[in-house]
Amino acid sequence: MLTIAQALDWAKTQLRDRGVSDDGLHESAAIDSKVLLAASLNKELVFLHTWPEKLLDKLQMKTFEEFIEQRTAGHPVAHIIGYRDFWTLRLKVTPATLIPRPETELLVEIALTLDLPESVKVLDLGTGTGAIALALASEKHNWVITGVDKQSDAVTLAKHNAVLNKLERVEFKQSDWFSAVTQQQFDLIVSNPPYIEENNAYLQLGDVRFEPSSALTAGLDGLEDIRHIVAQSRQYLTHNGWLVIEHGYQQSASVEAIFKENTFKKIYSESDLNGLPRATFGCI
């Protein structure tokens, strides 16, 4: 029988010895161990810090051992426990969609600071789990928000997350970018599209190995989908409407150029919590 503290030490050693990390840092083993143990106990993380001497029973330890085994095999933590926290929400995740990342919360932060009318119509392109759309809905109860995704499994998942978070007023539907979007106008379009180059070595590392390539890659330079979204969004935006897009940290200048080519104005780029350029936005 192990205590919580002992179980965490055991798990960290297992993960470090196997070289499992989603970011190449030893700290990842400690974080992963805590998240997986909390899920094994069906408790929040604070419970682990409050009761480090509490003994795990046999079932809890068996569950934790199975979780650690899956993690050492490379499976993402979010897939193992079945959810990922994003903004103030808890979202169910599956291998059908991209796992929401903390840096994507920057899009939500930007959207909430823009000069927008009181009643806003929002379109979230490539919604995946519904993370961005639902986060905005949780903050702005009078915004009319639609999320679309090419994959039917993603739409089903986003609808499920809307119910879980009591945000059923958000509409989710299947659409290949704008293909099924009616000719209505939006005050804000947000998107975290695929932006990794098809031959990028990063695709063979960490969690992304278990995520759909369709949610990750966009041509040889990673910018194909961004070019399409920026060009097409003009006809779906109201006058002074805003487009906010996430991109790779080395793509900021290229994405700004694409915005300029499509005659957007007030073009800005913002950095994520790691100080890396992560989002570009502008209005028409």
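A: A term to start with: two strands pair if DSSP finds at least two bridges between them. Helices (H or I, at least four residues) and strands (E, at least two) are DSSP runs, numbered from the N terminus.
Q: What do β1 and β2 form?
A: β1 and β2 form a hairpin with two residues between them. W87 in the turn has a positive phi of about 60 degrees. Strand β1 covers residues 83-86 and runs antiparallel to β2, with four bridges joining them.
Q: Which residue in β2 stands opposite R84?
A: L91 in β2 does. L91 and L89 make up the covered face of β2, while R90 and K92 are on the uncovered one.
Q: What is the mean pLDDT?
A: The mean is 91, and 89% of residues reach 70 or more. pLDDT is the predictor's confidence in each residue, from 0 to 100.
Q: Where does pLDDT stay under 50?
A: Over residues 22-26. Where pLDDT is low, the predicted coordinates should not be read in detail.
Q: New topic. Is T3 buried or exposed?
A: T3 is buried (under 20% relative accessible area; exposed is over 50%, partly exposed in between, with a 1.4 Å probe and protein chains only), at 9%. T3 lies in the segment before α1.

Definitions and conventions: Residues numbered from 1 in each chain as written. Predicted model: local features only at pLDDT ≥ 70, side-chain atom pairs only at ≥ 80, totals over all residues. Heavy atoms only, no water. Contact = heavy atoms within 4.5 Å.
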